[in-house]
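Biologist: I would like to go through this model term by term. For each label, give me the value, the cut-off and the conclusion.

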Amino acid sequence: MNERNKPSAAALHVFKWMGWIFAAGIVVQVFLAGLALFDDPEKWKAHASLPRFFAFLPLLMFILAIAARLQAEFRSKSLRMFIMVIFMFLTAIVLPNISGILAALHPIIALEMFRIAVLTAHKASTQTKIRQAEISSAA
């Protein structure tokens with residue numbers, strides 16, 4: 001791949017941080033659900049409102065991955081996470097009225113989203129270091 005077709009270190013850096021922030025948001029969501037279950041049911045309000053601050057990140061990651069010509073793996077994983085976000089909203093809002101069993105997929109989807117987010121952010125971190133080293137050695 002020639003130098004022009006390689007992703008910029010800045011794009012990888014932004015992608016990496018969006019992945020880590022998304023993973024952290026999932027951790028906070030799980031914590032809030034635990035608080036609501038085991039301490040104060042009023043915490044469900046925070047659990048329900050927090051996703052609006054980070055649920056869009058996989059879509060932004062997908063757009064960035066396309067625009068910056070990041071690896072296909074980054075595009076596919078960010079798109080997969082975005083689809084899972086949609087299913088998270090469905091399992092929380094629509095499916096409880098249809099089937100409790102399907103709604104119970106909500107925490108399972110969260111686990112998988114967290115796994116993908118961490119793996120993707122870690123790989124982007126590694127790729128950022130490699131790209132920065134390539135740029136430094138070319139200078």
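Modeller: Start with K77, which sits in helix α4. Helices here are DSSP runs of H or I with at least four residues, strands are E runs of at least two, and both are numbered from the N terminus.

Biologist: Why is K77 called buried?

Modeller: Its relative accessibility is 15%, so K77 counts as buried. Buried means under 20% relative accessible area, exposed means over 50%, and partly exposed lies in between, with a 1.4 Å probe and protein chains only.

Biologist: What does K77 touch, not counting residues up to four places away in sequence?

Modeller: K77 touches I116, L119 and T120. Contact means heavy atoms within 4.5 Å.

Biologist: Where does T120 lie, and what makes it count as buried?

Modeller: T120 lies in helix α6, residues 105-138. At 1% relative accessibility, T120 counts as buried. Leaving aside neighbours within four places in sequence, T120 is in contact with F15, M61, F74 and K77.

Biologist: What pLDDT does the chain average?

Modeller: The average is 91, and 96% of the residues score at least 70. pLDDT is the predictor's confidence in each residue, from 0 to 100. Where pLDDT is low, the predicted coordinates should not be read in detail.

Biologist: How many helices and strands does the chain have?

Modeller: Six helices and zero strands. Of the 139 residues, 35% count as buried. The C-alpha trace spans about 55 × 30 × 20 Å along its principal axes. Among contacts between residues at least 6 apart in sequence, 70% join residues at least 24 apart.

Biologist: Now the packing. Why are α3 and α4 called roughly antiparallel?

Modeller: The axes of α3, residues 57-67, and α4, residues 72-94, cross at roughly 160 degrees and come within 8 Å. Angles over 145 degrees count as roughly antiparallel, under 35 as roughly parallel, 65 to 115 as roughly perpendicular and the rest as oblique. α3 and α4 are therefore roughly antiparallel. Axes are lines fitted to C-alpha atoms, for helices over the stretch in contact, and angles run from 0 to 180 degrees between N-to-C directions.

Biologist: Which residues meet there?

Modeller: P58, L59, M61, F62, A65 and I66 in α3 meet F74, R75, S78, L79, M81, F82 and V85 in α4. By class, that contact has eleven nonpolar, one polar and one charged residues. Ala, Val, Leu, Ile, Met, Phe, Trp, Tyr, Cys and Pro count as nonpolar, Asp, Glu, Lys and Arg as charged, and the others, Gly among them, as polar.

Biologist: What makes α1 roughly parallel to α4?

Modeller: The axes of α1, residues 9-38, and α4 cross at roughly 30 degrees and come within 13 Å. That angle makes α1 roughly parallel to α4. The contact is made by L12, F15 and F22 of α1 and F74, S78, M81 and V85 of α4. Those residues divide into six nonpolar, one polar and no charged.

Biologist: And why is α4 called roughly parallel or antiparallel to α6?

Modeller: α4 and α6 pack at about 160 degrees, with their axes 10 Å apart. That makes α4 roughly antiparallel to α6. The contact holds 15 nonpolar, four polar and five charged residues.

Biologist: What makes R69 stand out?

Modeller: R69 has a positive phi of about 55 degrees although it is not a glycine. R69 is placed in the loop between α3 and α4. At 48% relative accessibility, R69 counts as partly exposed.

Biologist: How do you know that K6 is partly exposed?

Modeller: K6 has 24% relative accessibility, so it counts as partly exposed. Its place is in the segment before α1.

Notes: Residues are numbered from 1 along each chain as its sequence is written. This is a predicted model: local features need pLDDT of at least 70, side-chain atom pairs count only at pLDDT 80 or more; totals for chains, interfaces and linings use all residues. Side-chain values use heavy atoms; hydrogens and water are left out.
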